[in-house]
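Please look over the sequence and the 3D view below before reading on.

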Amino acid sequence: MFTSLGILILIMFILAFLQFIPSIFLLFSHYAHGQLSRKKASKLGYIFILGTYLGTTIIFLLTFAILVWSKLFSRISPTILSWIFSGVFFATSLSIFLLYYRKGKNTRLFVSRKLVQKYHVNASHTKTPSDAFLLGFFSIIPELIFTIPLFACATTELTILQTNPFIITLYILLITLSAIVPLLAIQIAYSRHSNLATIQRFRVKNKSFVKCFLSLIYLLIASIIITFRIIS
């Protein structure tokens, strides 16, 4: 039980430190506060956050439902499954350390420039609640390569816990809640009269820490799986 809870907590840390969604939200907040009243910009910010939360929750629930209903876990040896997850997380740890940020002193990520430009344009033209919600909802897509393995691993751990459906649903909601923690931090910063330049300087300053932290957490999860799911 403690191993499963430890892995779930580490997954929450990763979701809280991934950078693409906060980058889009930061741009969106910058344009919203520059073009709209502070009250309306704040309202749209929370709607963006709601869209991100629902999008993340839906992806997690779909992953959980597909893996549980297909009974995939019962068809694969637990040892083999553990080796698969540990291998995926080890490879992800290495790729994040080497490729997550592009070279340079800015915070450009691995995402293609064309895709980033589309998000940038949408962020600068978002002025209605529906647009803000959709922007937040679809901003989860570029980093699904990192989050879906987390959701799959979390599903296995929740299955191991074998608790009742209500508690499992509560776990899922709490895990996905971690994905919007940085967005709430940016929202609070803007409410206290911070701006894009101030927040971006902070992100650039902590770029190396974020990269190393994410890489380390993925590696730690892989190590825990090998130690407590295979060796023991």
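The model is predicted, and local features need pLDDT of at least 70, side-chain atom pairs count only at pLDDT 80 or more, and totals for chains, interfaces and linings use all residues. Residues are numbered from 1 along each chain as its sequence is written, and side-chain values use heavy atoms, with hydrogens and water left out.

Helices here are DSSP runs (H or I, at least four residues), numbered from the N terminus. Begin with helix H1, which spans 2-17. Leu15 lies in H1. Its relative accessibility is 5%, so Leu15 counts as buried; buried means under 20% relative accessible area, exposed over 50%, and partly exposed in between, with a 1.4 Å probe and protein chains only. Leaving aside neighbours within four places in sequence, Leu15 is in contact with Thr147, Leu150, Phe151, Ile175, Ser178 and Ala179, where contact means heavy atoms within 4.5 Å. Leu15 and Tyr218 are 203 residues apart in sequence, but their C-alpha atoms are 11 Å apart in space.

H8 covers residues 144-161 and H12 covers residues 207-231; their axes come within 13 Å and cross at roughly 30°. Axes are lines fitted to C-alpha atoms, for helices over the stretch in contact, and angles run from 0 to 180 degrees between N-to-C directions. The angle therefore makes H8 roughly parallel to H12; angles under 35 degrees count as roughly parallel, over 145 as roughly antiparallel, 65 to 115 as roughly perpendicular and the rest as oblique. The crossing of H8 and H12 is left-handed, a term used if the near helix is turned anticlockwise from the far one by less than a right angle, with right-handed used if clockwise. Ala, Val, Leu, Ile, Met, Phe, Trp, Tyr, Cys and Pro count as nonpolar, Asp, Glu, Lys and Arg as charged, and the others, Gly among them, as polar.

Is Gln19 buried or exposed? At 11% relative accessibility, Gln19 counts as buried. A polar atom of its side chain lies 2.7 Å from the backbone oxygen of Phe17. Not counting residues up to four places away in sequence, Gln19 touches Tyr100, Tyr101, Leu109, Glu143, Arg203 and Val210.

Helix H2 (residues 20-35) meets helix H10 (residues 181-191): their axes come within 10 Å and cross at roughly 25°. H2 is therefore roughly parallel to H10, and their crossing is right-handed. Among the residues making this contact are Phe25 and His33 of H2 and Leu183 and Tyr190 of H10. The contact of H2 with H10 has 8 nonpolar, 4 polar and no charged residues.

His193 lies in the loop between H10 and helix H11. With 60% relative accessibility, His193 counts as exposed. Its phi is near 70°, a positive value in a residue other than glycine. Most residues other than glycine have a negative phi.

How values were computed:
Helix = DSSP H or I, 4+ residues; strand = E, 2+ residues; numbered from the N terminus. Polar contact = N/O pair within 3.5 Å; in protein donor to acceptor, adjacent residues only side chain to side chain.
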